Amino acid sequence: MTVRIVEQPFDPARELAAFARGRSDVGAVASFTGLVRDEHGGERILAMTLEHYPGMTERQLARIEAEARARWPLLDALVIHRVGRMLPGEPIVLVATASAHRAAALEACAFLIDWLKTKAPFWKLEETPTGARWVEARASDDAAAARWERREPSSPR
Amino acid sequence: MRIRYFAWLKQRVGRAEEEVVLPNEIATVGQLKAWLAGRYPRFAEACAATGVVKAAVDQEFAEDDRPLAGAREVAFFPPVTGG
């Protein structure tokens, strides 16, 4: 299991190529990559700056990852989150999970990004042509995270 | 005790962190919030809106009733927006 906070651009393809490499017990790898968009709410986005709470961020991500491992039979997990200033098209976050079978990998990957979005101390500042503005938390993110509060992991139902 | 502020709360308060010596009667996160609101009108404005000011005690999320005894660092910030 790996959690990394990075200040420089990273290459999701390269990270995924190295993830779970050389393991013959992994039958499924799922991943999510979040990218900076060039538009939000009808306004052009010139750049995005991610602020975080060093120390607490790593602690929360490790905790979220441990929760995923407790719920699903994961063989490996990876979370990389960029901080600092980045441009449209650049990756912000990569979550990857490896398991013997696809259901655990897919569900754990969705769980990790949903909980990361609501439980890890990051804040987005968008630069637009009319100035900078802090991104507001979205109720839909809370709802996405909340669905994992009730649900049991994928076991035979 | 060290107080830290993040994102737009940092801008409202005008500082990223500060060391404070708390009066004895300030025993919980909620009381600390009210005490800081007395010093920073724009922090008070943010606290007046429900759910906008989140807190962490020693880097763990904390509600208003969380005791401060033994705490070294308290942080205040808006709802998180990472990912």
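**Chains and residues**

Author: Let us begin with chain B, whose radius of gyration of 12 Å agrees with the value near 12 Å that a compact globule of 83 residues would have. The radius of gyration is taken over C-alpha atoms, and the globule rule is 2.2 Å times the number of residues to the power 0.38. This is a predicted model, in which local features need pLDDT of at least 70, side-chain atom pairs count only at pLDDT 80 or more, and totals for chains, interfaces and linings use all residues. Residues are numbered from 1 along each chain as its sequence is written, chains are lettered from A and ligands numbered from 1 in the order in which they are written, and side-chain values use heavy atoms, with hydrogens and water left out.

Reader: How many helices and strands are in chain B?

Author: Chain B has 3 helices and 5 strands, in the order β-α-β-α-α-β-β-β along the sequence. Helices (H or I, at least four residues) and strands (E, at least two) are DSSP runs, numbered from the N terminus.

Reader: What share of the 83 residues in chain B is buried?

Author: Buried residues account for 47% of them. Buried means under 20% relative accessible area, exposed over 50%, and partly exposed in between (1.4 Å probe, protein chains only).

Reader: Where is B:A56 found, and which residues does it touch?

Author: B:A56 is in strand β3 (residues 54–57) of chain B. With 0% relative accessibility, B:A56 counts as buried. Not counting residues up to four places away in sequence, B:A56 touches residues including A:Y53 and A:M56 of chain A, and B:F61, B:E73 and B:F77 of chain B. Contact means heavy atoms within 4.5 Å.

Reader: Turning to chain A, what is the order of its elements?

Author: From the N terminus, chain A reads β-α-β-β-β-β-α-β-β-β-α-β-β-α. Its radius of gyration is 16 Å, close to the 15 Å from the globule rule for 157 residues, so chain A is as compact as a globular protein of that length. Among its contacts between residues at least 6 apart in sequence, 78% join residues at least 24 apart.

Reader: Which helix holds A:E65, and what is the nearest side chain of opposite charge?

Author: A:E65 lies in helix α2 (residues 56–71) of chain A. A:E65 is buried and has no salt bridge; the nearest side chain of opposite charge is A:R69, 5.3 Å away. A salt bridge is a side-chain nitrogen of Lys or Arg within 4 Å of a carboxyl oxygen of Asp or Glu. Lys and Arg count as positive and Asp and Glu as negative, while His and the chain ends are not counted. Leaving aside neighbours within four places in sequence, the contacts of A:E65 include A:M1, A:V3, A:L78 and A:L112.

Reader: And A:L74: buried or exposed?

Author: A:L74 counts as buried, because its relative accessibility is 10%. A:L74 sits in strand β6 (residues 74–82) of chain A. Beyond neighbours within four places in sequence, A:L74 contacts several residues, among them A:A68, A:R69, A:T97 and A:A108. The C-alpha atoms of A:L74 and A:T97 are 6.9 Å apart, although the two residues are 23 apart along the chain.
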